[in-house]
Amino acid sequence: MIHNKLVRNKIPEIIAESGRKCKTKVLSDKDYVFELERKLSEEVHEYKLDKNPDELCDVLEVVYALAEARGMSVEELEAKRLAKRERRGGFDEKIYLIETDE
């Protein structure tokens, strides 16, 4: 079976433990970021299909990996998120913008 996708670190080990074999490679930094971005779309799509909280965890895992791949720690990402929330607010008030005047 052909997969051609980024997987979590322990997936090859899990496959081997099940008695199967797999072929893997380690990506270059450039290809890693590209595949993380593809993986983000995949995980968001999976969440939208079944609304499973595990899929939200996968989305976060990919977001954290993307931040680190772009040179930002998870703590720095969270600090930026909180600063932006302070400046622009969150989404908890459920505000839906219909239109603005020109």
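The largest pocket of this predicted model has a volume of about 1,400 Å³. Its lining comprises 31 residues, of which Lys5, Leu6, Val7, Arg8 and Thr24 are the closest to the centre. A pocket is here an open set of points, on a 1 Å grid over the protein atoms alone, where a 1.4 Å probe fits, with protein on both sides within 12 Å along at least five of seven lines; lining residues have an atom within 4 Å of a point. The volume is the space filled by probe spheres set on the points. By class, the lining divides into 14 nonpolar, 4 polar and 13 charged residues, with Asp, Glu, Lys and Arg counted as charged, Ala, Val, Leu, Ile, Met, Phe, Trp, Tyr, Cys and Pro as nonpolar, and the others, Gly among them, as polar. Helices α1 (11-17), α2 (29-50) and α3 (53-69) each supply at least two lining residues, and the largest share, 7 residues, comes from α2.

The second largest pocket holds about 320 Å³ of space. Among the residues that line it are Arg81, Lys84, Arg85, Arg88 and Phe91. This lining consists of 6 charged, 2 polar and 2 nonpolar residues.

Leu6 also belongs to the largest nonpolar core, together with Val33, Leu36, Val62, Ala65 and Leu66. Both α2 and α3 supply at least two residues of this core, the largest share, 3 residues, coming from α3. Such a core is a set of buried Ala, Val, Leu, Ile, Met, Phe, Trp, Tyr and Cys residues joined through side-chain atoms within 4.5 Å, where buried means under 20% relative accessible area (1.4 Å probe, protein chains only). Leaving aside residues up to four places away in sequence, Ala65 touches Tyr32 and Leu36, a contact being heavy atoms within 4.5 Å.

The chain as a whole has 4 helices and 0 strands, these being DSSP runs of H or I over at least four residues and of E over at least two. Its radius of gyration, taken over C-alpha atoms, is 18 Å, well over the 13 Å that the globule rule gives for 102 residues, so the chain is more spread out than a compact globule. That rule is 2.2 Å times the number of residues to the power 0.38. The C-alpha trace spans about 60 × 30 × 25 Å along its principal axes. Of the 102 residues, 14% count as buried.

Residues are numbered from 1 along each chain as its sequence is written, and side-chain values use heavy atoms, with hydrogens and water left out. Local features need pLDDT of at least 70 and side-chain atom pairs count only at pLDDT 80 or more, whereas totals for chains, interfaces and linings use all residues.

Methods:
Buried < 20%, exposed > 50% of the residue type's maximum accessible area, 1.4 Å probe, protein only.
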